[in-house]
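Please have the viewer open alongside the text.

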Amino acid sequence: MDQEIRLDPTTEELVLDLPAIEAPRVEYRVAQEATPREGLVGATWWQMAAKRGTDIVVSVLAIVVLSPLLLAVALLVRITSRGPILYVQQRVGRSGEPFRMVKFRSMYRDAHDRRDEHVDQNIHTGPIFKIRDDPRVTPIGRAIRRLSIDEMPQFFNVLMGNMSLVGPRPPLPEEFLDYTDRERRRLLVKPGVTCIWQVSGRSDVDFQTWIDMDLEYIETWSLRLDLVLLAKTVPAVLTGRGAY
């Protein structure tokens, strides 16, 4: 079924076409005169080249250094529950480009079908679904989520160029449909593996504060800020605060 959503063409225009669940086509355009030319949006070509270079170098090093852990987790996921090792999920990226984000599978195979059973346990208001002690999560999944190990395959997304190491987390298509104009500003930049939200409590942070943090990152971005957030991500992951 095709759907089309259009916003005020003088400011921002969004065209959404969903011909199939497996491959939603989302296009997000921002008029140049309406785009704030500051922070990450207004970065120079050499700043963007340096950011991309950092993405490639750090991702390659992480994959090489963590390869024994990645292989061990892959084996544990495979032998402890039925289903694929990796979970490939459609997400909405920069400028509304859909892409397939990869992570270790941490839930049972029927998790998505059972989502409606637990809507009343959602700890957030707004277009996001998070519950504590989610019964759809496998025992191994609970452990790897606690340390964000399930997100490590996204280093390959970074190498492919549809994600960055640092940037707002990419929304699901159904979450994106409920975004306001303000929340859609997160799509002005490439999504990331970590950002201010990840080092500030993650799921313990309410949705509007999360959006505030993402917009703050976009507006105040610098290469130094990326390095600071990457450094803060390590202790944030080890403590597991807000990870469920």
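Helix 7 gives the largest share of the lining of the largest cavity, 4 residues. The model is predicted: local features need pLDDT of at least 70, side-chain atom pairs count only at pLDDT 80 or more, and totals for chains, interfaces and linings use all residues. Residues are numbered from 1 along each chain as its sequence is written, and side-chain values use heavy atoms, with hydrogens and water left out.

**Cavities**

- The structure holds 2 cavities of 30 Å³ or more, and the largest cavity has about 60 Å³ of space.
- A cavity is a set of points, on a 1 Å grid over the protein atoms alone, where a 1.4 Å probe fits but cannot get out; lining residues have an atom within 4 Å of a point.
- Grid points are joined across faces, edges and corners, and the volume is the space filled by probe spheres set on the points.
- The largest cavity is lined by Lys 51, Thr 54, Asp 55, Ser 164, Leu 165, Val 166, Leu 223, Asp 226, Leu 227 and Leu 230.
- Two or more of these lining residues come from each of helix 1, strand 5 (164-166) and helix 7 (223-239).

**Overall architecture**

- The chain has 7 helices and 6 strands, where helices (H or I, at least four residues) and strands (E, at least two) are DSSP runs numbered from the N terminus.
- Along the sequence the pattern reads β-β-α-β-β-α-α-β-α-α-β-α-α.
- Of the 244 residues, 47% count as buried; buried means under 20% relative accessible area, exposed over 50%, and partly exposed in between (1.4 Å probe, protein chains only).
- Among contacts (heavy atoms within 4.5 Å) between residues at least 6 apart in sequence, 65% join residues at least 24 apart.

**Surface and nonpolar patch**

- The chain exposes about 12500 Å², with carbon and sulfur atoms supplying 59% of it; accessible areas come from the Shrake-Rupley method with a 1.4 Å probe, and for residues only the protein chains shown count as cover.
- A nonpolar patch on the surface consists of Ile 56, Val 60, Val 64, Val 65, Phe 156 and Leu 159, with about 500 Å² of accessible area together.
- Patch residues have over 30% relative accessible area and no salt bridge, and nonpolar side chains (Val, Leu, Ile, Met, Phe, Trp, Tyr) are joined within 5 Å; a salt bridge is a side-chain nitrogen of Lys or Arg within 4 Å of a carboxyl oxygen of Asp or Glu.
- Helix 1 (45-80) and helix 3 (154-160) each supply at least two patch residues, and the largest share, 4 residues, comes from helix 1.
- Val 65 is in helix 1 and counts as exposed because its relative accessibility is 60%.
- Val 60 is also in helix 1, but counts as partly exposed at 38% relative accessibility.
- The C-alpha atoms of Val 60 and Phe 155 are separated by 7.8 Å, although these residues are 95 apart along the chain.

**Loops and backbone**

- Most residues other than glycine have a negative phi.
- Ser 95 has a positive phi of about 60 degrees; Ser 95 sits in the loop between strand 3 and strand 4 and is partly exposed, with a relative accessible area of 36%.
- Gly 96 is in the loop between strand 3 (86-92) and strand 4 (98-104) and is buried, with a relative accessible area of 0%.
- The C-alpha atoms of Gly 96 and Phe 176, 80 residues apart along the chain, are separated by 9.4 Å.
- Ser 148, with a positive phi of about 60 degrees, lies in the loop between helix 2 (139-146) and helix 3 and is buried at 15% relative accessible area.

Methods:
Patches are made of residues with over 30% relative accessible area and no salt bridge: like charges are joined within 9 Å, nonpolar side chains (Val, Leu, Ile, Met, Phe, Trp, Tyr) within 5 Å. On a 1 Å grid over the protein atoms alone, a cavity is a set of points where a 1.4 Å probe fits but cannot get out, and a pocket is an open set with protein on both sides within 12 Å along at least five of seven lines; lining residues have an atom within 4 Å of a point.
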